[in-house]
Amino acid sequence: MSTFNVPTREDVSENNQAIFDNLNKALGFVPNLYATYAHSDTALENYLNFSNAKTSLTAKEKEVVNLAVSEVNACVYCLSAHTAIGKMNGFTDEQIFELRAGHASFDSKLNALAQLAKNITENRGKTDEIVLRNFFNEGYTKGNLIDAISLVGDKTISNYIHQTTQVPVDFPVAHPLESVTA
């Protein structure tokens, strides 16, 4: 496999340079995975627009989906990034490990969402009827379902980009789930 470099500001298009500047202002750095999107003149902007679009899910609910999907797809980059973001959204280390495993004993509604995200990802969209029924029984709507599926797709894109490029992880590296549960 060829090695993918992480482009610097000087390596990318003018449009991507402006996005790098905005990311630097907002985050203090340009995450390696975002920089990797900038190999394309359009992918970074398109991804950020999709990823930051309005949704019926809260920031905390988005992290539930991000963690469950990234675990199924075994993406260490996204697991590492979303572990950090999950903590910023109030999840403990123990809760993050549960969410990665596709459940949440600490909250029945988030449990239904984590199970849904894991099931959709594992089954490539052929969602188990019981998992779907439980999701709706917890008060989620059809609109929430569509937003959750969109988020599964959003996160899967990043998972696949990292799995293919293997750019360095620039967040504290998340421990493998097996090492915690063993």
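Residues are numbered from 1 along each chain as its sequence is written, and side-chain values use heavy atoms, with hydrogens and water left out. Because the model is predicted, local features need pLDDT of at least 70 and side-chain atom pairs count only at pLDDT 80 or more, whereas totals for chains, interfaces and linings use all residues.

Helices are DSSP runs of H or I with at least four residues, and strands are runs of E with at least two; both are numbered from the N terminus. Helix H1 comprises 14 residues (residues 14–27), and its end C-alpha atoms lie 20 Å apart, in agreement with the 20 Å that should be spanned at 1.5 Å a residue. The expected span is defined as 1.5 Å times one less than the number of residues. Just after H1, a positive phi of about 90° is found at Gly28.

Helix H7 (residues 108–122) contains 15 residues, and the distance from its first C-alpha to its last is 21 Å, close to the 21 Å expected at 1.5 Å a residue. Its buried residues include Leu110, Leu113, Leu116 and Ile120, together with the polar residues Asn111, Asn119 and Thr121. Packing of the buried residues of H7 involves helix H4 (59–72), helix H6 (93–101), helix H8 (129–137) and helix H9 (142–165). The N-terminal end of H7 is capped by Asp107, of which a side-chain oxygen lies 3.0 Å from the backbone nitrogen of Lys109. A polar contact is a pair of N or O atoms within 3.5 Å; within protein, one atom must be able to donate a hydrogen and the other to accept it, and residues adjacent in sequence count only if both atoms are side-chain atoms. Just after H7, Arg124 adopts a positive phi of about 50°.

Ser80 is located in helix H5 (residues 76–88) and counts as buried, with 1% relative accessibility. The side chain of Ser80 reaches the backbone nitrogen of Ala174 at 2.9 Å. When neighbours within four places in sequence are left aside, Ser80 is in contact with Val169, Phe171, Pro172, Val173 and Ala174.

Side chains of opposite charge can pair when their charged atoms come close. A salt bridge is taken as a side-chain nitrogen of Lys or Arg within 4 Å of a carboxyl oxygen of Asp or Glu, and by this rule four salt bridges are counted. Among them is the pair of Asp21 and Arg9, with the closest N and O atoms 2.7 Å apart. This pair links distant parts of the chain, 12 residues apart, with Asp21 in helix H1 and Arg9 in the segment before H1. Asp21 is partly exposed at 27% relative accessibility, and Arg9 is likewise partly exposed, at 33%. Asp93 forms a salt bridge with Lys87, in which the closest N and O atoms are 2.9 Å apart. Asp93 is partly exposed at 36%, as is Lys87 at 44%. Within H7, Lys118 and Glu122 are four residues apart and therefore separated by about one helical turn; the closest N and O atoms of their salt bridge are 4.0 Å apart. Lys118 is partly exposed, with a relative accessible area of 26%, and the value for Glu122, also partly exposed, is 45%.

Most residues other than glycine have a negative phi. Gln166 is partly exposed, with a relative accessible area of 45%.

Notes
Buried < 20%, exposed > 50% of the residue type's maximum accessible area, 1.4 Å probe, protein only. Contact = heavy atoms within 4.5 Å.
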